[in-house]
Amino acid sequence: MALIDFKFKPGIDKQNTSVGAENSWVDSDNVRFRYGLPEKVGGWSSLITDTIVGVSRAQHAFVDLDGNRYVAIGTDKFLLIYFEGQLHDITPLKTTLTSATIATTNGSPTCTITKSTHGLAIGDIVQLDSVTLPGGTGFSNSDFEDKNFQVITVPTTGTFTITQSSNAGATVSTGGSLSIKPFEPVGPRAQSYGYGWGIDTWSTGNWGEAATASSVSLEPGLWSLSNFGEVLIATVANGRTFTWNAGAGSPLTTRASTTTSNFQTGSNPTASRVTLISPTTRHLIHLGTETTIGTSSTQDDMFIRFSDREAINTYTPTAINTAGSQRLQDGTKILAATKAKENILIWTDNSLYTMKFVGAPFTFGFEQVGTNCGIIGKNAAIEIDGAAFWMSPKGFFLFDGTVKSLPCSVEDFVYDNFDTTKGQQVYAGLNNLYTEVIWYYPSSGSDYNDKYVVYNYGENTWYTGTEARTSWIDATVYQNPFATKYNSSASGTFPVIVGESGLGQTTYFEHEVGTDQVNPNGTTTTVTSFIQSFDFDISNQQMGEGEFFLAVRRFIPDFKNLQGNAKVTMAVKRFPQQSQTTTSLSPFTITSSTNKKDTRARGRYVNIKIENDATSESWRFGTFKIDIQPDGRR
């Protein structure tokens, strides 16, 4: 019988069954579509030999006035700067606690530090200073001096424990003297409901007791990162705002603070859900913030406050400035905001607003442009040339002047296996070179992002995968996208934390580099990929659909590009609900010199799967040419 061309539609269709998704691809991983054809995605390579302690939740790239490039990285524990191949810790510090003492136990690495009303919690990071140990501990002052430690336990309001890298030589009761520099706390690694052991160590008024689980969501540690020229503006979610001046002397050895010269934020609100700099007027805007500045108990999740123009520390409105405030109405809390040309888009949990500079006397005008279209998390939206795409708790939306529901051919697949209670962990990324918006999300049963879904706005197609990231920035300041991958069971190497326990590890990757994953230690890991077609049959008006078994005699591979090998697997089934059976000669290894492959495939339905499973392999598939003919009714 003559060869037949099977031309598949671009994108993945998971809304239909594998039989009903006619002429479509139905499953994929690490595959994208360009010009209608599927291809393996580009590889990624570690930017640094270190790995980051904790989980990254935000990135922001910017340049200083001399053209130096920086990326700020906000994690659940730290604020870091990536500068040309190196990481630098600029995490702000809280007020130093002085006159603390330390105790050791013979044969144990656990050290107990005594300081009344220290206010620390399990998992907090502290740096020790001015250390003078009591005699006989077996340690030296240098084992503690200027070292970072993790708070392991908090037995009382006046004591906490840390872990050294070796055991003490003797039991020594509290003595000596040291100072404690607590790092500014950010928040939990993962979002969860209720309170209890493993989430926090106390509830209000019940020190050391687990709080009763409830429907209250404990959000993960998040950051808002933006820049005021060459000055980084960094706000801890529901916390304070700090600045870091890239143009200052020796900036990489200076921590972010509220007292940065000429860019102080001491008069800023102390509890805000989101902050950003307005795109044209350079107001610092706090969203979901305090109605009384400096009183965190007055935080109103729907209240907005903005500074005077070009004055990020001035918030009191006067007749001669442009500071002001506004409260939104539709929703219970502001979740996200982003710049969109001359507008600012603001999402609550139920609606979308625009915020636009209108001049005196109101400074900004607010307009509700959508309802029942709330966003699922702070980082779940991307803006592209005035259009915004976002993920809601129940679907995808587009705003291009009006709010529109975005039809999605993989929607049920995503939401049926999506832990929407962890929506604040969703991270939307833009890969503009390939016209892709990518949402990374945690699937059911996963504490961290482990899946992704892509909308290709250039080709109006959707596809899915499993190579998860916790934060992403597109190629703007740097040539390629940068992204972070989290491993909760490994340990990071930067910043160095003595006695680190359970903080996890983030690897920092540059994407669209080569064909494989290059690890921090220089080793290479294969980036596997695959795409699978719908179950097709022999059908025409005379035979009916699925009436006859089919026999596949041969196929001719048609790859637009092929580097290394690719594998083609055929699978057959008798009925749509039956489990498929891989044909006896599959998989077929395809090289650039392969002309055809003879097959022995018989069934009512057949599908093909194209994949790679070795390093230095890449492919782009064209048309499937197959010799197929009827082979009886049973």
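A polar contact is a pair of N or O atoms within 3.5 Å; within protein, one atom must be able to donate a hydrogen and the other to accept it, and residues adjacent in sequence count only if both atoms are side-chain atoms.

## Serine 351 and its surroundings

The side chain of serine 351 makes such a polar contact with the side chain of threonine 348, at 2.9 Å. A polar atom of the serine 351 side chain also lies 2.8 Å from the backbone oxygen of aspartate 330. Serine 351 belongs to strand β32, residues 351–359. Helices (H or I, at least four residues) and strands (E, at least two) are DSSP runs, numbered from the N terminus.

Serine 351 has a relative accessible area of 0% and is therefore buried; buried means under 20% relative accessible area, exposed over 50%, and partly exposed in between, with a 1.4 Å probe and protein chains only. Leaving aside residues up to four places away in sequence, serine 351 touches Asp330, Ile346, Gln368, Gly370, Thr371, Cys373 and Gly374, where contact means heavy atoms within 4.5 Å.

## Basis of the model

The model is predicted: local features need pLDDT of at least 70, side-chain atom pairs count only at pLDDT 80 or more, and totals for chains, interfaces and linings use all residues. Residues are numbered from 1 along each chain as its sequence is written, and side-chain values use heavy atoms, with hydrogens and water left out.

## A four-stranded open sheet

Four strands form an open sheet in the order β34-β35-β36-β37, with antiparallel pairing; two strands pair if DSSP finds at least two bridges between them. At the edges stand β34 (381–384) and β37 (403–405), each of which pairs on one side only. From one strand to the next, the twist averages 20°; axes are lines fitted to C-alpha atoms, for helices over the stretch in contact, and angles run from 0 to 180 degrees between N-to-C directions.

Within this sheet, β35 (residues 387–391) and β36 (residues 396–399) run antiparallel and are joined by four bridges. Phenylalanine 389 has leucine 398 in β36 as its bridge partner.

Strand β17 spans residues 159–163, and five of its five residues are buried. Thr159, Thr161 and Thr163 point one way from the strand, while Phe160 and Ile162 point the other way.

Strand β13 (residues 110–114) runs antiparallel to β17 and is joined to it by five bridges.

## Salt bridges across the chain

Side chains of opposite charge can pair when their charged atoms come close. The whole structure holds 20 salt bridges, a salt bridge being a side-chain nitrogen of Lys or Arg within 4 Å of a carboxyl oxygen of Asp or Glu. One of them joins glutamate 436 to arginine 32, with the closest N and O atoms 2.9 Å apart. Glutamate 436 lies in strand β39 (residues 436–441) and arginine 32 in strand β4 (residues 31–34), and the pair links distant parts of the chain, 404 residues apart. Both glutamate 436 and arginine 32 are buried.

A further salt bridge connects the side chains of glutamate 39 and arginine 620, at 3.7 Å from N to O. Because glutamate 39 is in strand β5 (residues 37–40) and arginine 620 in strand β55 (residues 618–621), this pair ties together parts that are 581 residues apart in sequence. Glutamate 39 and arginine 620 are both buried.

## Asparagine 456

Asparagine 456 is located in strand β40, residues 451–456. With a relative accessible area of 1%, asparagine 456 is buried. Its side chain reaches two backbone oxygens: that of phenylalanine 33 at 3.3 Å and that of tyrosine 434 at 3.4 Å.

Not counting residues up to four places away in sequence, asparagine 456 touches Phe33, Tyr434, Thr435, Glu436, Thr461 and Tyr463. Among these, Glu436 is the residue that forms a salt bridge with arginine 32.
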